[in-house]
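Let's take a walk through this structure together.

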Amino acid sequence: QICGLLGYFSETDAPEFRKERETLSRRDPLTGLLNVRGLREAEYAYQDEYDLRKRDYARFQISITDFSDVNRQYGYDFGDLLLRTVADAILNCCGNTASIGRVRGAQFTALYQFETKERIDALTERIREIPSHIHNVGGVPFTPYLSVESSIFSESESGSHGGE
């Protein structure tokens, strides 16, 4: 016998739900970093800044080397933990000076506005040093290897402003 119901309804178009839904649509649920959509929107903002103020930016492509082998050998749960660990390390390395996201799998992108090319070199070196700070993932002794590449927007052949 049912005597009554206890509960409530909430309007999903309320501002707080809309904002949360928009945030979730731009974030990678596993790492909390930006997803492809979030990165694309951030890059549009960087391109606008270049068009308006000639503030150039670099794109860093960072990937965990042999990640499929890691998943095969250690399992997918460990792989997910490794992705979160590396994502946190990239975030700590770049801080709030870059827009950082996970593109897919074990591939990350960081967008970084710079004043001098020396700053790109310095950030590249800090990113390359990330594995030297990771020696344990979820209680398992493990050090990942990262592949790091960078390109400058104004020098990019694929960019609409190549060579400017």
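What follows moves from the overall picture to one helix and then to one residue in that helix.

Please keep in mind that this is a predicted model. The protein chain contains five helices and six strands, and from the N terminus on they come in the order α-α-β-α-α-β-β-α-β-β-β. Of its 164 residues, 38% count as buried. If you look at contacts between residues at least 6 apart in sequence, 63% of them join residues at least 24 apart. The accessible surface of the chain comes to about 10,600 Å², and carbon and sulfur atoms account for 49% of that.

Now find helix H5, which covers residues 117-128. Its twelve residues reach 17 Å from the first C-alpha to the last, close to the 16 Å expected at 1.5 Å a residue. Which residues of H5 are buried? They are Ile120, Leu123, Thr124 and Ile127. Viewed down the axis of H5, these buried residues fall within an arc of 105°, so they line one face of the helix. An α-helix has 3.6 residues a turn, so residues three or four places apart point the same way. The buried residues of H5 pack against strands E1, E3 and E6 and against helix H4. On the face turned away from the buried side, you will find the exposed residues Glu118 and Asp121.

Finally, look at Thr124 in helix H5. Thr124 has a relative accessible area of 10%, so this residue counts as buried, the cut-off being under 20%. A polar atom of its side chain lies 2.8 Å from the backbone oxygen of Ile120. Leaving aside neighbours within four places in sequence, Thr124 is in contact with Phe60, Val148 and Ser150.

How values were computed. Residues numbered from 1 in each chain as written. Predicted model: local features only at pLDDT ≥ 70, side-chain atom pairs only at ≥ 80, totals over all residues. Heavy atoms only, no water. Helix = DSSP H or I, 4+ residues; strand = E, 2+ residues; numbered from the N terminus. Expected span 1.5 Å × (residues − 1). Buried < 20%, exposed > 50% of the residue type's maximum accessible area, 1.4 Å probe, protein only. Arc of directions from axis to C-beta. Contact = heavy atoms within 4.5 Å. Polar contact = N/O pair within 3.5 Å; in protein donor to acceptor, adjacent residues only side chain to side chain. Areas by Shrake-Rupley, 256 points an atom, 1.4 Å probe, with all protein chains shown as cover.
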